[in-house]
Structure formats: C-alpha cells, structure tokens
Amino acid sequence: MSELLVVEDLQKYFPVTRGLVFQKAIAQVKAVDGVSFTVEAGQTLGVVGESGCGKSTMARCIARLLEPTGGKIIFDGRDITHLGNQDMRMIRREMMMVFQDPYASLNARKRVGAIIAEPLEVHDIGSAADRKRRVQELLEIVGLNPEHYNRFPHEFSGGQRQRIGIARALSINPKLIICDEPVSALDVSVQAQILNLLKDLQRDFDLTYVFIAHDLNVVRHVSDRVMVMYLGRPVETGSSKELYAAPKHPYSGALLSAVPIADPKLGRAREQIVLEGDVPSPINPPAACRFHPRCPRFVDGKCNVDEPVMTRAPGASDHEYACHFPLEHWPMGEGELRRAGAVAQEPAPAASFD
Amino acid sequence: MALLEVQDLHTRFRTEDGMVKAVSGVSFELDRGETLGVVGESGSGKSVTFLTVMGLVDPRQAEMAGSVRFDDKEILGLTTHGLKGIRGKRIGMIFQDPMTSLNPVKRIGWQLEEAVLIHNDVPRKEARRRALEVLEEVEIPKADTRMDDYAHQFSGGMRQRVMIAMALINQPELLIADEPTTALDVTTQAQILRLIGKLQKDHGMAVVMITHDLGVVAELANDVIVMYGGRIVEDAKVDDLFEKPEMPYTWGLLGSLPRVDVDVERLEQIPGQPPSLLRPPPGCAFNPRCAYVFDRCRTELPELRAAEGKDDHHFRCHLDGADRARIWTQKAAAIARGESAA
C-alpha cells in the first residue's frame, strides 16, 4: 500500500512577544514539537489529545494554513513543506478540511449552493452549469435534498450544516480530508449519522482521513491507526485495535478510562485513572517526559531526568509508545498506579447510594 | 416527602410563528440526596424544564402551567422577590459554559462573596472566608491567591470548579447542573464528575444532572428521565434503563453511542432530525424517526405507562410488551457484539 502523507519531525513554534512597537520575542510556545507519522492511502489516522496538545495546530500545518517551523511534510510523494503559494494551489485541490463548528465555518450570507461550489470556482473547474449539477449531486451524496441548493446555512440544523461542510470538502475530489473535531458540536444521534456518512464516503471515494477528536470513542470507531498526543508530541501510536485493547502509555490509559461508560454496572466495576490538574503550559514544558508531573506511574530520578523515546511494543508490528514504565495490563490490575495521590479511584460516585 | 415535586409542567413560548411547546406535561419527583439524570437531544425540553423550575423563564415571553413544589412549597410563578431565600440559596445552579456565566470584569473572589452577601446578613470578611473555604473544597490549587484572579485567567475546568463553588457556597439542598461537563475534555470531565459525586456525598444534596451523554448518566445518576419533544418518554432507575429500556428512542440512543469497550463496525443511527416544537408531529413525537412505527403512533399520543412488573419504570410507546421484549433482546445482543441492529 502506498503512503499518501508522511510527516517527519514536524515543529511549529509560536513566538511570545513583548513590547508594542518593537516586538521582541521573549519565549516560544512549542505547540507542535516533533511529530512524525505516515498515513496510508485509503486509511484513517485518528489523532487524540486534550485541548492544548497541538492537534489542531498540527492539522493546520499539514494543510499549510500555518507555516511549519521545522520538519517535513510529504504529500503524495512530494515534499510540500516549503512550496510557494502557486504550487500549493495544485496541492490544495487534493487536500481539504472539515472544521469543528458547523455554525462558524459556513458563510452565513452565502447560499448553500455557492458555499459548496466555491472550491470549484477557486480552482476554475467546469462551467457554471457543470458546477450546479455537481453541487446537486454532492448534496445528494451527503444525504441532503438537492432542492435545498438555494437556502442559507441558518435554515439547517447542526448536523445538516456539517453535511454541507463535508459536501464542500468533497467538491473537488480530494485525496485527503483533514477532519478537525467534525462531530464534537453535535448531538449523539446526529453524531452517529455523520460518522457513518464519513465511513461510507471513504469506501465509495477511496478517501484518506486525518481525523482529529478529543473523544476516544469516536476515534476508535473511524480510525485504522490512532496517535495519542500530549503537549505537542505523540506519546503512543498504534493500530486502533491494539491501542484500545492494550494501551501502553499511562496517558492513553488515563484518556481511555476517563470516558464515561454507558453501562452503570461496568462503570462502577472498573479501575479509573483520574488525572490531577490541567495540561501544563507549552511555553515551559516539563523536562524529560512531559507527562511526568501528572503521571500515576511516575518514578523520581528516571521520568524527570531521562526523556523516553518511542519504543516498539513487544509482539506488535506498529504499536509504539514513549514511556519508561508502560502499563502492563489492561484493564489495569491493582497496584499499577504507584503514586498515592493519583490512585484516584474510589468507587464510582453512583455506587455509594446502593 | 420529596424535595422537589413537579406536576404536569407546561412551558410554551410565544413567537411570531406561533406557540413553541417546549415542555408539555412533565411530572417527576426527586428525594433528598438522590441524583436525577435528565437525558435528551438539543430541543428536547430538558433545559427549559429546569429553567422553568428555577423561575428563570420570563413570564412575558412564555406561558407556564402546572405545579413545582420545592420542600412542599409551590414555587412556580413566584417573582424574583418571592424566590429570595430559595434560588441561589436552597437551590444551586451550574450552567454549561463557565465563561459566559462568570462576570469577566469582577474578580472571582468578589463574585463568590456576592453570592454569600445576597443571601446572608454577614460582614464581607466572613463572606470572604466562606469563599476561600468553598474554593478549597472544589480543589482549586492556591485558592487564596486565585481569589483575586479574573475568569479569563482560569482554564475551562478550573472555571467550572469556580461555578460549582459558587453554586455550593450557600450549601444548597438541591443542585441543578445543566451540561456541566459538555465543554470540557474527557480527563477534566472525569475530575468534575468525581468532584460533584464527592460533594454530594459530603453535603447530602439532591442533584439534577442534565446531559445528552448517557455515559455521564450511567456514572452519576440513581434515576433517569429521557426527554423527547418536550415530554418524558421514559423514566426508570438507572440500572433498569440500561438493562431493559422500553422505548425505541432510548434504544436508538444506546445504539448510536460509539463505545470504548466494544469494537463497533457501524453505528446505529436514528434517522432524521429532532421534531419541531412549533409544529410537533401528531401522535407520538418520535414517530417520524421510529423504525417500528405503525398507524396508531401517527394519530394517538401514547400515555406514560408502567413497564411490566415495575412501578418505577415508565415509558411512552404503543408497541406491546412481547414485541418490545423481542426487539430489545435482539438489539442488546447486537450492541454487545458491536454490530448495528438497524
């Protein structure tokens, strides 16, 4: 299988400036700091992490909406890291984005037909009549009524607007679609519709997705491979089957166990890692392993001194993690959480009323 | 005696296009120390129900009917003055978006003190002491210095803790939380849910948890109400609801959840959109989206009836018991295998 997107050691630093007239850079926010991965054609890479972990910045760098500070982005065999605007135009025909907020990402003053046709116009594809036909076809593909061509975005519900966003992304037959939290703003029942639609489209049009979300459930459902990010770096990557069955990095374990389970009995029975505090500032990230101040398996003298490198999990082909003391069992056994303060799980709150 | 007793509550908003029936005939009870989960999609009437309960719906824009009894006192239709000593004191509230619910130009400590001073005749110094105490209780690090910070200096999770602190500062008997974790990351959500559970245990509060996330309900609630189209379509003990839901909408909700514990190839989807409350469909409000619809559903609203052998489990559906049992058995098996039953 061929690799459609290869990212090597991608970095994006934002300067922190001081002074009104003479802006002096006094520090850097290392939003993305050394991310590498590959996405095979026709596959989906899920990217998960808390807010502030750099996942959206990474997506914007790949689409070259932001200039990367360092590293390499190879799309379809071509290095696009430093392409100029003219050359990038051609690449942008093959790479589209779907955004999180279906209310903010559609122009409220344009009709739906014009919104969906815009990429076609920008790239000067087809005559006006062709474009109209294509838009109606697209509306039908994403499950909307082609007669709604002349309506405005406010006449649609959240789920329908997200369908419009998807139709727009599909309009020029891209190879890669970067979905930045496409379903986080939607109700559960509508979320399922959109996730199923994305899967159907992938099958029908041979699409490749980079799918960004903070909800692990959603990512599992759509992804072939998953990358967990923390403070600008990947901490674990693997096929979604392996990563969900046996997460190695304590952060992945914490994310997984933080998701409420829609089954009261199962929920009460399980062990949970509840992380303390918030993601630290990326201006001054913790030394060595960036997760160590919040880690339940932190070992003093090792984790705060030695930076862990990506290590292959035993017996797995492409499951890698960056941790000195990976989780040994999943679901967690007793005593795997060494540090007393974070051993967090008393019985789940609801159990106390029985 | 239940702490909160709502009987046949109706809320209708006047709009240019006609009356929007946001809440139609909702009844439930909540005892002290219990947690009630209220589940539904946007537009199901779950938030409006509790805004009405708290007297936060403007009577100039809406018609309200029915009865809301809090600790055996009728509070529906009371003015701001009449609610003094109840709202903000005996009933605390947390809203979804902590940024828009905090005053951006006042220090956090000042806002907390205000909540004390409005309801208690104490000096500001005493109010400040209580504010600090409650900030420590919601586990805000360095609470004494953070008191002098503004809302924008806190992260989302910390802001939500401030909101919780503000709701708790007068030690309410009832806490109404409207989607308190929806805007937060999963890890922060887990922290906040654990905190609410702990505070509830410590203070013996009753809690209403309004959410669209069945997972949150499963973790926190004793009783669950499922709302659809402004009505209660199912209510039950939390274990019963997840074990044997009786209503096709609840089946759909359970089937449409992506899960961490099972591999799902294709999610079950509930087709279509939630109903318009301006012109709700005749009969059962769920009928246009229901896979098991038959003629009767399109004309006659199903009554809220008790499930076989259970007097604390009610639902609205015309399907007969044998059909429901058969369909759910198939669905439950499919969900457990990670397949879509649709």
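Thr11(B) stands opposite Met64(B), a residue of strand 4 of chain B. This is a predicted model. The pair sits where strand 1 (residues 4-15) and strand 4 (residues 62-70) of chain B run antiparallel, joined over eight bridges.

**Sheet of chain B**
- The sheet is open and has four strands, in the order 2-1-4-5 (chain B).
- Its pairing is antiparallel.
- Strand 2 (18-30) and strand 5 (73-74) of chain B are the edge strands, and each pairs on one side only.

**Helix 8 of chain B**
- Helix 8 of chain B has 18 residues, which at 1.5 Å a residue should span 26 Å.
- Of the 18 residues of helix 8 of chain B, 14 are buried, so the helix is largely enclosed by the rest of the structure. A residue counts as buried if 20 or more other C-beta atoms lie within 10 Å of its own.

**Contact between chains A and B**
- Chain B gives 42 residues to the contact, and chain A gives 40 residues.
- On the side of chain B that touches chain A, two or more residues each come from helix 8 (186-203), helix 9 (214-220), helix 10 (238-243) and helix 11 (248-255) of chain B.
- Helix 8 of chain B supplies the largest share of that side, with eight residues.
- By class, the side of chain B that touches chain A holds 17 nonpolar, 14 polar and 11 charged residues.

**Sheet of chain A**
- Eight strands make an open sheet in chain A, in the order 6-7-8-3-9-10-12-11, with mixed pairing.
- The edges are strand 6 (95-98) and strand 11 (311-312) of chain A, and each pairs on one side only.
- Strand 10 (residues 233-239) and strand 12 (residues 320-321) of chain A pair in the antiparallel sense over two bridges.
- Glu236(A) stands opposite Tyr321(A) of strand 12 of chain A.

**Helices on the sheet of chain A**
- Helix 1 (residues 55-62) of chain A packs on the sheet and touches strand 3 (44-48), strand 7 (176-180), strand 8 (208-213) and strand 9 (225-230) of chain A.
- The direction of helix 1 of chain A makes about 150° with that of strand 8 of chain A.
- Helix 5 (residues 158-170) of chain A also packs on the sheet, touching strand 6 and strand 7 of chain A.
- The direction of helix 5 of chain A makes about 175° with that of strand 6 of chain A.

Key. Residues are numbered from 1 along each chain as its sequence is written. Chains are lettered from A and ligands numbered from 1 in the order in which they are written. This is a predicted model: local features need pLDDT of at least 70, side-chain atom pairs count only at pLDDT 80 or more; totals for chains, interfaces and linings use all residues. Two strands pair if DSSP finds at least two bridges between them. Two residues are in contact if their C-beta atoms, placed from the backbone, lie within 7 Å. Axes are lines fitted to C-alpha atoms, for helices over the stretch in contact, and angles run from 0 to 180 degrees between N-to-C directions. Ala, Val, Leu, Ile, Met, Phe, Trp, Tyr, Cys and Pro count as nonpolar, Asp, Glu, Lys and Arg as charged, and the others, Gly among them, as polar. The expected span of a helix is 1.5 Å times one less than its number of residues. A residue is buried if 20 or more other C-beta atoms lie within 10 Å of its own, exposed if 12 or fewer, and partly exposed in between; C-beta atoms are placed from the backbone.
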